[in-house]
Structures are given as structure tokens and as C-alpha cells.
Amino acid sequence: MSGADIVMRVEDVLVTYRRVGRTTEAVKGVSFELREGRCLGIVGESGSGKSSLARALLGLEPEAASGRVWFRGEDVLSMDRRARAAFRRSAQMVFQDPLGSLNPRMRVGDAIGEVLRVHGRAKGRREAAERAAEWLGTVGLGAEYAPRYPHELSGGQRQRVNLARSLCAGATFLIADEPVSALDVSVQALILNLMKRLQRERGITWILIGHDLAVMRAMADDLLVMRAGECVERGPAERVLFEPRHPYTRELLSAVPDVAGALRRRGGGGARQSGREQNT
Ligand SMILES: Nc1ncnc2c1ncn2[C@@H]1O[C@H](COP(=O)(O)OP(=O)(O)O)[C@@H](O)[C@H]1O
Ligand SMILES: [Mg+2]
């Protein structure tokens with residue numbers, strides 16, 4: 001293994017779901033390397049195997065996944081219990097549905113405090129509450145949101161709480177599986193800007209899963225295009241978006257007016273998200 005700054009190295013990962021009478025090859029041999037502090041975008045239509053790959057990378061598909069996944073040099077698919085516990089702290093998943101991943105009966109301050117305590121980042125209730133308030137600030141909410149319940153927040157605010165919960169355990173690597181797909185378009189850019197800021201300020205390494213190429217253009221350093229379980233194209237995001245090599249990538253691009261327009265203008269910047277970031 002070369003390159004100390006490689007966070008994740010993936011070699012020929014396959015995910016095969018076996019049910020009685022039916023076998024689904026969801027991921028058919030994907031490989032890539034992800035460097036420290038970078039964002040890898042994974043795009044592809046629904047059913048192309050993105051979420052299956054994401055779960056496999058975090059060791060969450062022990063039955064179905066094969067291949068090799070190294071996280072900072074450690075083999076994810078054959079970790080012992082101790083190594084796995086440390087890995088769980090460092091590597092977290094952020095899901096699409098912010099409401100579904102929060103306990104409806106827990107105030108959001110306590111929801112963050114709980115994670116802090118479970119992972120030994122805060123000792124008593126008091127310290128957990130103080131730290132949770134700080135985290136609410138970090139994600140652009142304020143301490144005044146601590147007593148609220150998830151249903152009292154907007155979708156974007158809930159996703160901010162989710163990000164705080166993922167990061168407060170000490171995560172340095174996040175897989176965000178369509179994190180803004182359930183949000184209003186006007187809110188999407190705000191959450192993406194927050195993610196970009198956290199990536200920059202905290203040196204977080206990301207995998208961002210989605211199907212919106214305009215979003216990928218704004219967020220991703222590298223892109224991996226999936227189709228029917230296979231990686232059809234992979235490379236620096238600008239190269240993939242502006243000099244697509246695979247016909248499928250060209251097809252995807254032609255369906256996105258923003259990117260197709262920017263492609264024609266070559267670097268017109270039409271798809272860039274605004275620098276605005278608000279509490280929405
Ligand atoms: N737990 C599972 N059991 C069986 N088949 C699954 C399971 N999860 C996903 N699949 C199948 O694997 C394929 C890829 O699904 P998925 O990884 O969810 O794709 P994507 O996230 O790109 O939409 C689909 O055909 C889906 O039906
Ligand atoms: Mg999915």
C-alpha cells in the first residue's frame with residue numbers, strides 16, 4: 001500500500017444479494033482510492049448499486065459483500081471487534097431522510113448529547129449538554145434549538161442535526177447517501193454549503209452519493225459514475241464532467257441543462273452553488 005494520505009482504498013468490491021430463487025448482483029467489482037480531505041461523488045441512476053456499495057464500504061453488508069476495502073490501511077471487511085468499534089467512530093453514514101434517522105421523542109440537544117456520551121466525548125449530562133450546544137452552533141443552528149423535538153424543525157434543520165450527530169463522535173470520514181434529495185431545492189444548496197465548509201474546516205473526507213450532476217460539479221473533487229452495478233467512468237470531477245469518455249456519462253450529462261449549458265460555455269460556472277449559508 002502506498003500513499004499515507006489515502007483514507008480509503010477499494011479493490012474489486014462486489015455486493016451480491018442471495019434470496020431463495022433470486023440473486024441480485026448489485027455491485028459488480030468497483031475499485032477506487034480516496035485521498036485525505038477530498039470528496040468523491042458517486043453518481044448513477046436509481047438501482048445502479050450506489051447504496052449497496054456505500055453499505056459495503058462501511059462493513060454493513062457482511063453477508064453480501066466481497067472484495068477488499070482498506071480504511072487508513074486497515075482491512076474493513078475483516079476487522080476484529082475492537083478495530084470495528086474504532087472504525088464506527090471514524091466512519092459514519094448520513095442518510096437521505098433526516099426525520100427517519102432521528103428519535104422523534106428525543107430533544108435534538110439530547111440526541112447529540114447521547115452520541116457524545118456513548119463515544120466518550122462528554123462525561124456527565126451537563127458536559128454533554130454544553131458540547132451539544134456547541135455542535136448546534138457548528139452546524140449553523142444555535143443552542144436555542146437544543147430543547148426542540150425533530151418534528152419542530154424543518155427538513156434542512158434536521159439534516160443539520162444529523163450532520164452534528166455524525167461528526168460529534170469524532171468522524172473524519174462520512175458517506176452521505178443522497179443527503180439533500182428529500183429537501184426543498186432552495187434548502188439543498190444551504191446544506192451542501194455547510195457540508196463543504198465542514199469538509200474544509202475539519203478536513204473531513206467524504207463520499208457524496210447522488211444523481212444531480214450540478215450538485216456534483218459544486219461539491220466533488222473526483223467522480224465515479226455507476227451503471228447497473230459497474231463503474232463506467234472515474235476521474236477528477238472536472239475531467240469527467242467536461243470531457244466525459246463513456247457514452248453513458250455523456251447521456252447523463254445531456255439530461256442536465258445546467259451542466260450541459262456549462263459544458264457548452266466551458267467553465268461558465270452556471271452550476272456553482274452560491275456562497276450563501278443560512279439556517280434553513
Ligand atoms: N437488501 C437487499 N436485498 C436484495 N436486493 C437489494 C437489497 N438492496 C438493494 N437491492 C437491489 O440491488 C440493486 C441496487 O440497489 P441500490 O444499491 O439500492 O441502488 P441505488 O442506491 O443506486 O439506487 C437494486 O436492484 C436493488 O433492488
Ligand atoms: Mg440508494
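Asp75 counts as buried at 18% relative accessibility, where buried means under 20% relative accessible area, exposed over 50% and partly exposed in between, with a 1.4 Å probe and protein chains only. This is a predicted model, in which local features need pLDDT of at least 70 and side-chain atom pairs count only at pLDDT 80 or more, while totals for chains, interfaces and linings use all residues. Residues are numbered from 1 along each chain as its sequence is written, chains are lettered from A and ligands numbered from 1 in the order in which they are written, and side-chain values use heavy atoms, with hydrogens and water left out.

**Asp75 and the sheet**

Asp75 belongs to strand 5; helices (H or I, at least four residues) and strands (E, at least two) are DSSP runs numbered from the N terminus. Its side chain makes a polar contact with the side chain of Arg68 at 3.2 Å. A polar contact is a pair of N or O atoms within 3.5 Å; within protein, one must be able to donate a hydrogen and the other to accept it, and residues adjacent in sequence count only if both atoms are side-chain atoms. Not counting residues up to four places away in sequence, Asp75 touches Arg68, Val69 and Trp70, contact meaning heavy atoms within 4.5 Å.

The open sheet consists of four strands in the order 2-1-4-5, with antiparallel pairing; two strands pair if DSSP finds at least two bridges between them. Strand 2 (22-35) and strand 5 (74-75) are at the edges with a single partner strand each, so one side of each has no neighbour in the sheet. Strand 5 pairs with strand 4 (residues 65-71) in the antiparallel sense over two bridges, and Phe71 stands opposite Glu74 in strand 5. Helix 1 (residues 50-57) packs on the sheet and touches strand 1 (6-19), strand 2 and strand 4; its direction makes about 115 degrees with that of strand 1. Such angles run from 0 to 180 degrees between N-to-C directions, the axes being lines fitted to C-alpha atoms, for helices over the stretch in contact.

A nonpolar core is a set of buried Ala, Val, Leu, Ile, Met, Phe, Trp, Tyr and Cys residues joined through side-chain atoms within 4.5 Å. The largest one has 51 residues, of which Ile112 and Met195 touch the most other members. Helix 6 (residues 185-202) supplies the largest share of this core, six residues. Apart from it lies another core, of 34 residues, including Met8, Phe71, Met79 and Ile209.

Beyond four places in sequence, Met195 is in contact with Leu163, Ala176, Pro179, Trp206, Leu208 and Met219. Gln199 is also placed in helix 6. A polar atom of the Gln199 side chain lies 2.8 Å from the backbone oxygen of Gly37. With neighbours within four places left aside, the contacts of Gln199 are Gly37, Arg38, Cys39, Ile204, Trp206 and Asp221.

**Cysteines and phi values**

A disulfide is a pair of cysteine sulfur atoms within 2.5 Å, and the count here is zero. The closest cysteine sulfur to that of Cys39 is in Cys231, at 16 Å, too far for a bond.

Most residues other than glycine have a negative phi. Asp12, in strand 1, has a positive phi of about 50 degrees. Glu178, in the loop between strand 7 (173-177) and helix 6, has a positive phi near 50 degrees.

| Residue | Relative accessible area | Class |
|---|---|---|
| Cys39 | 1% | buried |
| Cys168 | 2% | buried |
| Gln199 | 7% | buried |
| Glu178 | 12% | buried |
| Asp12 | 43% | partly exposed |
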